[in-house]
Amino acid sequence: MEATGTDEVEKIKSKFMSAWHNMKYSWVLKTKTYFSRNSPVFLLGKCYHFKTDGMYIALNSNGSNFDKINTEISGNVEEFRKDFISRIWLTYREEFPQIKGSALTTDCGWGCTLRTGQMLLAQGLMLHFLGRAWVWPDALDIDNSDSESWTAHTVKKLTASFEASLTAEREPKILANHHQGTLKRNCDANEMRNEVYHRKIISWFGDSPLAAFGLHQLIEYGKKSGKIAGDWYGPAVVAHILRKAVEEAREPELQGVTVYVAQDCTVYSSDVIDRQCSFMDSGNADTKAVIILVPVRLGGERTNMDYLEFVKGILSLEYCVGIIGGKPKQSYYFAGFQDDSLIYMDPHYCQSFVDVSIKDFPLESFHCPSPKKMSFKKMDPSCTIGFYCRTVQDFEKASEEITKMLKSSSKEKYPLFTFVKGHSREYDFASSPLHEENDLFSEDEKKRLKRFSTEEFVLL
């Protein structure tokens, strides 16, 4: 009886948390984000200009940091909106299946960095299966005007839900789908394939114990580094959790993707290539695509503004899959910039659980209707930068390009991170084997994760 009572207290507590966070963050979805018509907007390597067409001398007019960025200038706001909305948005959810070892059925208040990590991984998988040019055909059908009533709707919904929990009356949740009557398109085979992968990628991030990259699985991998459900997760810890999740994924389509996490701000090229060529050990002639995650600090207690041009340069690359970052106490997924402001998706809006195992599950809540902007100087210095490379040749090209960018943007003796030829073991670091049999994290990784856990975001 005592345990049951404790569970009920936890459930009521989670209701209050959901209500508080939705009251706190839903107004953000109502506010408009203003973009200058005189400056280009970059979104994950694509450049949009709302005024003129042509080549833009990006980031620094005197060329001291970067030369011309050879990206296609897209000429209108709608193309940018469609591109942004097509990115996968993963937010707090409530009323999902209970997390193993806890009474939690929501991640409100603690799961934001896991959600931003999911968004970064989702973008990597979208590049892998769909390509950077893909956009969701229904992107502009999302009714942004609905956001004006979200605050009132949220209060009513959570109040009713809370009252029902007190009286033990539970009614089945129905997620509103405003577009069920959308006419089916005459899709060709490629469009149908893309839509299958679009849904499949989202389903891998579903909030259920069986989803490969769902919250439940990520928390299980986090236990290996001493984390439990309800704890704060920093960007570096999440990077290692994502690597383990991809390694352990059993879906056939995911066997062609691997994740590499930089060690102490160093990417060891031979270790990356070994991961990409691991297919060849089993007689497969193909190499794996790799998602490279680099945990870094952009300063001490505050972000050093000297790193602004480098961050802009990174987000200008088409193989960049974004940045797991945020500001103190709040994690955001950074995907672009305009001038000195970063463009991001916010995971802090609490939405209802969606069962992604059902056929034709609603997609609207997995796509953000409007971008948000934040001044770079407000960014927390702890973050994880992500890149996607389809082939070994792509990785070698990317490492050369990023190395030049690091050197040109570094005003100090040492760059933010480095690419080094060879294996980590050649530099007296403990190497991380591709396949660990008994423990998901090596002792060296556990020490590194604990260090990151104490150095990163502080939850007040």
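In this predicted model, Lys 227 lies over the face of Tyr 233, at 5.9 Å from the ring centre, a charge being taken to sit over a ring if NZ of Lys or CZ of Arg is within 6 Å of the ring centre and within 35 degrees of the ring normal. The charged end of Arg 93 likewise sits over the ring of Phe 366, 4.6 Å from its centre. Local features need pLDDT of at least 70 and side-chain atom pairs count only at pLDDT 80 or more, whereas totals for chains, interfaces and linings use all residues. Residues are numbered from 1 along each chain as its sequence is written, and side-chain values use heavy atoms, with hydrogens and water left out.

Aromatic rings of Phe, Tyr and Trp (its six-membered ring) pair if their centres lie within 6.5 Å, with planes under 30 degrees apart counted as stacked, over 60 as edge-to-face and the rest as tilted; by this rule the count comes to 19 aromatic pairs. One of them, Phe 35 with Phe 50, is edge-to-face, at 6.3 Å centre to centre and 80° between the planes. The rings of Phe 310 and Phe 417 have centres 5.9 Å apart and planes at 70°, so this pair is also edge-to-face. Phe 310 lies in helix H9 (residues 308-315) and Phe 417 in the loop between helix H10 (392-409) and strand S14 (418-420), so the pair ties together parts 107 residues apart in sequence, helices (H or I, at least four residues) and strands (E, at least two) being DSSP runs numbered from the N terminus. Both Phe 310 and Phe 417 are buried, that is, under 20% relative accessible area, with exposed over 50% and partly exposed in between (1.4 Å probe, protein chains only).
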